[in-house]
Amino acid sequence: MNKALSIFIGVLISTSAFAQSDPNLGIIPAPVSITRANGNFILDKSTVLINQSIDGAKSADLLNAFIVNKAGFALRESKVPQPSQKSILLTSTGSDKLPAEGYTIKVTTNQITIVGKGAGLFYGVESAMQMMPDKIADKITIPAVTIEDYPRFSYRGAMLDVCRHYFPLSFIKKYIDHLAYYKINTFHWHLTDDQGWRLEIKKYPKLTTVGSSRNGSIIGNYPGNGNYLTPVKGFYTQDEAKEIVKYAAERFVTVIPEIELPGHASAAIAAYPELSCFPDRDTFVSDKTPWAGSRKGKQVQQTWGVFDDIFVPSENTFTMLNNILDEVIAIFPSKYIHIGGDEAPKTYWKESPFCQALMKEKGLKDEHELQSYFIQTIEKHVNAKGRSIIGWDEILEGGLAPNATVMSWRGEAGGIAAAQQNHDVIMTPGSMGLYIDHKQSNSPDEPVTIGGFAPYQKIYAYDPIPKVLTADQRKYIKGVQANMWTEYIKTPEKAENHAFPRLLALSEIAWSPVERKDLKNFSEERLPKHLARLDQMNINYWVPTPIGQSDKALSGGDFTIDLKVPVKGSKIYYSLDGSRPSENAFLYTSPVKVTVPPGEKRLLRTIVIAPSGKRSVTTETLLNNSAPEDKTTTKK
């Protein structure tokens with residue numbers, strides 16, 4: 001078996017049994033179509049694995065390794081099927097008629113046929129593995145079915161910010177494994193920002209010797225109620241970055257690097273102050289910001305936010321950025337190079353005699369047009385290297401660069417405007433739940449976050465194609481992405497907690513047709529089994545609260561509390577006496593009837609405990625039977 005698949009197989013081996021009554025057979029994201037037939041395929045030791053695809057050797061290895069762990073035996077492999085021999089056949093024959101990344105699965109009583117090539121075959125194998133129930137007496141019974149599947153969007157992405165906090169290479173690989181398992185095909189790697197420069201650039205070594213380390217970080221929400229006084233450091237060598245690119249490519253995931261410009265440049269400017277409009281000015285630090293070490297000179301930022309010190313649009317800056325991008329392009333073969341472009345304050349440009357003279361020389365009417373000039377200058381260089389730029393929606397300001405793709409994060413307006421100008425768009429609006437660093441519930445148990453509210457249900461409800469666009473304009477919406485900014489995410493464990501289950505909801509809105517979306521089926525049938533898989537793998541996912549519980553107050557006298565577990569094998573404990581529930585509270589086993597006398601209230605509190613011992617946040621529901629004359633509102 002190819003060693004490059006070994007870690008990825010670990011993502012797959014503990015898939016739980018899926019109820020075969022589920023119309024989606026437990027598959028996430030839901031396929032385009034599933035047609036049931038009569039009978040079952042019995043997978044046992046007599047089954048042969050046949051690979052006749054042009055590029056399916058790794059997928060065949062993956063499937064056989066999965067079966068070893070699932071069933072306890074390996075399948076004999078062959079190139080040629082024998083008459084009446086039970087087999088699993090991987091083939092590329094007919095794949096030329098499928099949409100890009102598409103596949104088909106046909107299960108009969110005698111054969112499972114998976115048709116696809118490249119990513120399509122890989123995704124077909126993944127879906128086949130997800131639909132396999134647990135073995136019974138050394139046999140796995142798979143229902144006869146025909147599946148036709150292909151993605152709604154060509155770009156299905158997840159962004160990870162490694163600048164605010166550095167994450168080890170092992171975690172990056174693990175993260176990519178999960179993206180691939182859920183057919184998310186783009187890993188957007190946010191590598192540079194005010195709080196750290198994380199990629200080795202050989203021509204400019206101080207970017208990492210200076211820019212990859214900061215002396216401390218604020219404690220709590222901005223501007224901070226203290227400072228950890230602990231250095232945060234780390235960067236990826238070019239060899240490590242190439243290793244990630246290769247690792248991802250073997251799983252059909254494209255890595256898009258982001259080099260932020262012209263704003264979010266404090267770390268680069270700390271390394272090379274001449275990149276600033278005012279090289280001799282100290283980095284501005286608010287008196288309200290707790291700081292570790294000296295406040296003199298150019299600094300890598302220790303707090304979060306937007307800072308005035310941005311790149312000066314000089315020939316020296318463009319030369320340096322072009323040289324940096326040349327090294328980046330040599331590492332990353334992706335079509336896109338992300339150049340940021342967001343949150344670039346114009347204060348220093350307005351104060352700079354050089355910038356004002358440049359604007360006059362170039363005939364630019366304001367600093368927004370200066371930003372457009374900056375982005376277009378960079379774009380020309382990137383285009384000359386055969387690549388395209390992608391940037392946050394601020395790159396629209398002052399005029400959009402000719403070939404740029406827009407990533408719409410400040411709501412949908414930027415994406416709509418870009419599509420109306422015939423530019424490609426990736427929808428990633430934070431207001432629609434796609435900022436997965438936001439909190440996942442309103443429970444006081446939620447960890448410190450930047451704010452916002454983005455439960456997986458909010459992501460699931462989002463349609464990335466705005467209805468205001470015409471049919472012709474909609475074709476410019478190329479995909480959707482979730483973003484994880486890490487100001488308040490310091491460890492891989494917390495990153496996992498923010499990512500799951502929200503990335504599973506993302507995968508379905510990115511892949512499945514709108515008409516196949518079904519939140520009830522997703523939440524109650526499929527997600528509990530997939531979360532049980534994550535639980536067995538010791539992934540620190542966010543344990544959902546009980547299905548069916550409201551976090552809003554309920555009015556009345558008689559209540560029936562009807563709940564379902566959100567993770568297969570988990571338990572719900574509840575209290576009505578005001579205490580915080582634990583294993584010492586009541587175990588929920590069936591619907592509970594609660595009577596609240598007139599004028600009284602009860603506070604229902606619940607917690608979910610998964611088989612591994614992981615716990616949900618505490619959820620509260622106020623049961624209120626106010627007397628008719630009582631017009632007061634009780635606050636939680």
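Predicted model: local features only at pLDDT ≥ 70, side-chain atom pairs only at ≥ 80, totals over all residues.
Biologist: Is C277 buried or exposed?

Modeller: C277 counts as buried, at 13% relative accessibility. C355 is buried too, with a relative accessible area of 0%.

Biologist: New topic. Which strands close into the barrel?

Modeller: Eight strands do, in the order β8-β9-β12-β13-β14-β15-β16-β17. Their pairing is parallel. From one strand to the next, the twist averages 30°.

Biologist: Zoom in on β8 and β9. How many bridges join them?

Modeller: Five bridges. Strand β8 covers residues 155–161, and strand β9 covers residues 186–190. As one example of a facing pair, G157 stands opposite T186 in β9.

Biologist: And which helix lies across β8 and β17?

Modeller: Helix α16, residues 502–511. Its direction is at about 175° to β17.

Biologist: What about α15? Why call it largely enclosed?

Modeller: Because six of the eight residues of helix α15 are buried. They are K494, A495, E496, N497, H498 and A499.

Biologist: What covers those buried residues?

Modeller: The cover includes α4, β17 and α16.

Biologist: Now the nonpolar core. Which residues touch the most other members?

Modeller: In the largest core, of 164 residues, they are I172, Y175, F187, W189, I324, F332 and L503. A second, separate core has 11 residues, including Y155, I390, I426 and Y435.

Biologist: Pick F187. What is it in contact with, away from its sequence neighbours?

Modeller: Leaving aside neighbours within four places in sequence, the contacts of F187 include A158, L160, I172 and Y175. V253, T254, V255 and I256 are also among them.

Biologist: Last one: S127. Where is it?

Modeller: S127 sits in helix α3, which covers residues 119–130. S127 is buried, with a relative accessible area of 0%.

Biologist: Which side chain does S127 join in a polar contact?

Modeller: That of Y103, at 2.7 Å. Beyond four places in sequence, S127 is in contact with I27, Y103, I105 and K183.

Notes: Residues numbered from 1 in each chain as written. Heavy atoms only, no water. Helix = DSSP H or I, 4+ residues; strand = E, 2+ residues; numbered from the N terminus. Buried < 20%, exposed > 50% of the residue type's maximum accessible area, 1.4 Å probe, protein only. Polar contact = N/O pair within 3.5 Å; in protein donor to acceptor, adjacent residues only side chain to side chain. Contact = heavy atoms within 4.5 Å. Pairing = 2+ DSSP bridges. Axes fitted to C-alpha atoms, helices over the stretch in contact; angles between N-to-C directions. Core = buried A, V, L, I, M, F, W, Y, C linked by side-chain atoms within 4.5 Å.
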